[in-house]
Amino acid sequence: MTTSLKEKVLEINDILCSTYGAPFPFFNRNDPVSELVSAMLSHRTKNERTATAISNLKKQFQNWESGRDADTEVRVQATFEVNFPGQKARRIQHALKTIGEKNGEPISLDFLKKMKPVAARKWLESIPGVGGKTSAAVLNFSSLQIPALVVDSHHIRVAKRLGLVPEKTELTNAYQLLQDQLPDDWTARQMYDHHEA
């Protein structure tokens, strides 16, 4: 009997989740804007340094509006723990401005909860500097808990080793390939556990 790719993925998922002890605790419960900022800070930066940077920003600014309106140099100093702090500070500022322009103030992404995951991701990815990994993290890792598969460099490395995606698959193309292998009715928890496992 031939096993389909979807069956193989579910079998692998069950083995990994069982072996590593799913369900996994969510590593934070950020509001979606904080998760967006955290995800933007995390690129090529270790989790511990990202956590320190987001903590510094929250101490520095009473809300995201004041962070958006602050001098870029102040934001860079608040995020010095991450790689490329100046570039990231400017991108975050632009993202916060874009959210305010598109959705008004206070700056919030809570309205995404009412959208279908595909539409919510498309909305987020219309913000310059926000790609597939970041949009999925905002939906799945934040307090929104919307089903979205986060595919990062670790996830794609394992997927390639297991033959779930071709060896030459780029990270930007991997999301859709891997998402299509999962059941349409999976919950945010199942997506999170699959990613973590």
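This section describes the charged and aromatic side-chain contacts of a predicted model. Local features required a pLDDT of at least 70 and side-chain atom pairs a pLDDT of 80 or more, whereas totals for chains, interfaces and linings use all residues. Residues are numbered from 1 along each chain as its sequence is written, and side-chain values use heavy atoms, with hydrogens and water left out.

A search of the whole structure returned four salt bridges (a side-chain nitrogen of Lys or Arg within 4 Å of a carboxyl oxygen of Asp or Glu). Among them, Arg68 pairs with Asp69 at an N to O distance of 2.7 Å. Arg68 also pairs with Glu105, at 2.6 Å from N to O. Because Glu105 lies in the loop between helix H6 (85-103) and helix H7 (117-125) and Arg68 in helix H4 (residues 64-69), this pair ties together parts that are 37 residues apart in sequence; helices are DSSP runs of H or I with at least four residues, numbered from the N terminus. Arg68 is buried, at 9% relative accessible area, while Asp69 is exposed at 52%, and Glu105 is likewise exposed at 52% (buried, under 20%; exposed, over 50%; partly exposed, in between; 1.4 Å probe, protein chains only).

A further salt bridge links Arg189 to Asp193 (2.8 Å, N to O). Both residues belong to helix H11 (residues 188-196) and are four residues apart, about one turn of the helix. Arg189 is partly exposed at 29%, and Asp193 is buried at 8%. Shared partners join the salt bridges of Arg68, Asp69 and Glu105 into one network.

Three aromatic pairs were found (ring centres of Phe, Tyr or the six-membered ring of Trp within 6.5 Å; planes under 30 degrees apart are stacked, over 60 edge-to-face, and the rest tilted). Phe26 and Tyr192 are stacked, with 4.0 Å between centres and 25° between planes. Phe26 occupies the loop between helix H1 (5-20) and helix H2 (32-42) and Tyr192 helix H11, so the pair connects parts 166 residues apart in sequence. Phe26 is buried at 15%, as is Tyr192 at 0%. The rings of Phe141 and Tyr192 are edge-to-face, because their centres are 5.5 Å apart and their planes stand at 85°. Since Phe141 lies in helix H8 (residues 132-141) and Tyr192 in helix H11, parts 51 residues apart in sequence are tied together. Phe141 is buried at 7%. Phe26, Phe141 and Tyr192 form one aromatic cluster.

Charges also sit over rings (NZ of Lys or CZ of Arg within 6 Å of the ring centre and within 35 degrees of the ring normal). The charged end of Arg29 is placed over the ring of Phe26, 4.0 Å from its centre, and Lys102 lies over the face of Trp123, 5.1 Å from the ring centre.

Technical notes:
Helix = DSSP H or I, 4+ residues; strand = E, 2+ residues; numbered from the N terminus.
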